[in-house]
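Please have the model open while reading.

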Amino acid sequence: MTQSVLECSKAGISAWQVAFNNQNAAACAAQYAEDAVMVAKPFGTFEGREAIQAFWQNIMDQGFANVDYTNTKWEQAGEQSYILTSDWTMNKAFGVVHKELWEIQADGKSRLTYDEFEVLGER
């Protein structure tokens, strides 16, 4: 592997952010493993890439855009995985990422296998 696991994970979150800010729910969902679980508080739990894509499409359809991450921390979680925690802001909301588990997949890309975040308020 030419990129480190951390570099692959950072590339994954960067690709997700670009996709979100381009309002491309399919490209957002592509950063998740096929069987990923996303816990989006207070909305609920979404299992699988298709359900996750539908969630992000719905958020975009409501006019949410311009996500940014601050106070981001990466913690190694194994030989092939990292956990990201962060604060986030969007044009209409803000919150916290409790846990994003980025794991190297069979194709060598790091994808989210678990994502837990919370909306703390509106802007």
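Is Gln23 buried, partly exposed or exposed?

## Basis

This is a predicted model, in which local features need pLDDT of at least 70 and side-chain atom pairs count only at pLDDT 80 or more, while totals for chains, interfaces and linings use all residues. Residues are numbered from 1 along each chain as its sequence is written, and side-chain values use heavy atoms, with hydrogens and water left out.

## Gln23

Gln23 is partly exposed, because its relative accessible area is 33%. With a 1.4 Å probe and protein chains only, buried means under 20%, exposed means over 50%, and partly exposed is in between. Gln23 sits in the loop between α1 and α2 (25-29). Helices here are DSSP runs of H or I with at least four residues, strands are E runs of at least two, and both are numbered from the N terminus.

Leaving aside residues up to four places away in sequence, Gln23 touches Met60, Phe64 and Ala65. Contact means heavy atoms within 4.5 Å. A polar atom of the Gln23 side chain lies 3.2 Å from the backbone oxygen of Phe64. Ile13 is ten residues from Gln23 in sequence, and their C-alpha atoms are 15 Å apart.

## The helix pair

α1 and α3 pack at an angle of about 45 degrees, and their axes are 11 Å apart. Axes are lines fitted to C-alpha atoms, for helices over the stretch in contact; angles run from 0 to 180 degrees between N-to-C directions. The two helices are therefore oblique to each other. Under 35 degrees counts as roughly parallel, over 145 as roughly antiparallel, 65 to 115 as roughly perpendicular, and the rest as oblique.

From α1, Trp16, Ala19 and Phe20 meet Trp56, Ile59 and Met60 of α3. By class, this contact has six nonpolar, no polar and no charged residues. Nonpolar covers Ala, Val, Leu, Ile, Met, Phe, Trp, Tyr, Cys and Pro; charged covers Asp, Glu, Lys and Arg; the others, Gly among them, are polar.

## The sheet

Six strands make an open sheet of mixed pairing, ordered β2-β1-β6-β5-β4-β3. Two strands pair if DSSP finds at least two bridges between them.

Strands β4 (residues 81-89) and β5 (residues 93-104) run antiparallel and share eight bridges. Leu84 stands opposite Glu100 in β5.

## Helices on the sheet

Helix α1 (residues 5-21) lies across β1 (32-41), β3, β4, β5 and β6 (110-122), at about 145 degrees to β3. Helix α3 (residues 49-61) touches β1, β2 and β6, and its direction makes about 45 degrees with that of β1.

How values were computed. Polar contact = N/O pair within 3.5 Å; in protein donor to acceptor, adjacent residues only side chain to side chain.
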